[in-house]
Amino acid sequence: MNWLWAIVVGLVLGVIARAILPGRQRIPLWLTTIYGILGAIVGNAVAGWVGIRHTSGVDWGRHLLQLAGAVLIVAVGTRLYAALRGGRRRRERA
């Protein structure tokens, strides 16, 4: 069940990250979900390093760090995906 929860959280974080970033991100939904999962992992790691991983109540700090990680990974991943897709299109035209 943990993997299903990771997919749902990754999807939500990825979609919110795409909404926060300016412009249009031309990446598929499955890649958005993967980037969201990776962002959640990065956010949890940073929360652990900062010392706010385990708090009582709602972990707003950890959730904000997860969202920040997702925004960062979606921003970088979108450019990387566009570069890979653009390079393939140039080779096909030649």
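Trainee: Leaving aside its neighbours within four places in sequence, which residues is Q66 in contact with?

Mentor: In this predicted model, Q66 is in contact with L13, G39, A40, G43 and N44, once the neighbours within four places in sequence are left aside. Q66 itself is found in helix 3, which covers residues 60-93.

Trainee: Why is Q66 called buried?

Mentor: The relative accessibility of Q66 is 7%, and buried means under 20%, so Q66 counts as buried.

Trainee: How many salt bridges does the structure hold, and which residues form a salt bridge?

Mentor: The structure holds one salt bridge, formed by R62 with D59, whose closest N and O atoms are 3.1 Å apart. Since the definition asks for a side-chain nitrogen of Lys or Arg within 4 Å of a carboxyl oxygen of Asp or Glu, the value of 3.1 Å meets the limit. Side chains of opposite charge can pair when their charged atoms come close.

Trainee: Is D59 buried or exposed, and how do you know?

Mentor: D59 has a relative accessible area of 10%, and as the limit for buried is under 20%, D59 is therefore buried.

Trainee: Why is I34 called partly exposed?

Mentor: I34, whose place is in helix 2, has a relative accessibility of 38%. Buried means under 20% and exposed means over 50%, with partly exposed in between, so the value of 38% makes I34 partly exposed. The C-alpha atoms of I34 and L11 are separated by 7.7 Å, although these residues are 23 apart along the chain.

Trainee: Which residues are the closest to the centre of the largest pocket, and what is the volume of that pocket?

Mentor: The largest pocket has a volume of about 320 Å³. Of the 16 residues lining this pocket, V9, L13, A40, H63 and Q66 are the closest to its centre. Helix 1 (2-20), helix 2 (29-50) and helix 3 each supply at least two residues of the lining, which divides into 12 nonpolar residues, three polar and one charged.

Trainee: What pattern does the chain follow along the sequence?

Mentor: The chain follows the pattern α-α-α, with three helices and zero strands.

Notes: Residues numbered from 1 in each chain as written. Predicted model: local features only at pLDDT ≥ 70, side-chain atom pairs only at ≥ 80, totals over all residues. Heavy atoms only, no water. Helix = DSSP H or I, 4+ residues; strand = E, 2+ residues; numbered from the N terminus. Buried < 20%, exposed > 50% of the residue type's maximum accessible area, 1.4 Å probe, protein only. Contact = heavy atoms within 4.5 Å. 1 Å grid on protein atoms, 1.4 Å probe; cavity = no way out; pocket = protein on both sides within 12 Å on 5 of 7 lines; lining within 4 Å. Points joined across faces, edges and corners; volume = space filled by probe spheres on them. Nonpolar A, V, L, I, M, F, W, Y, C, P; charged D, E, K, R; others polar.
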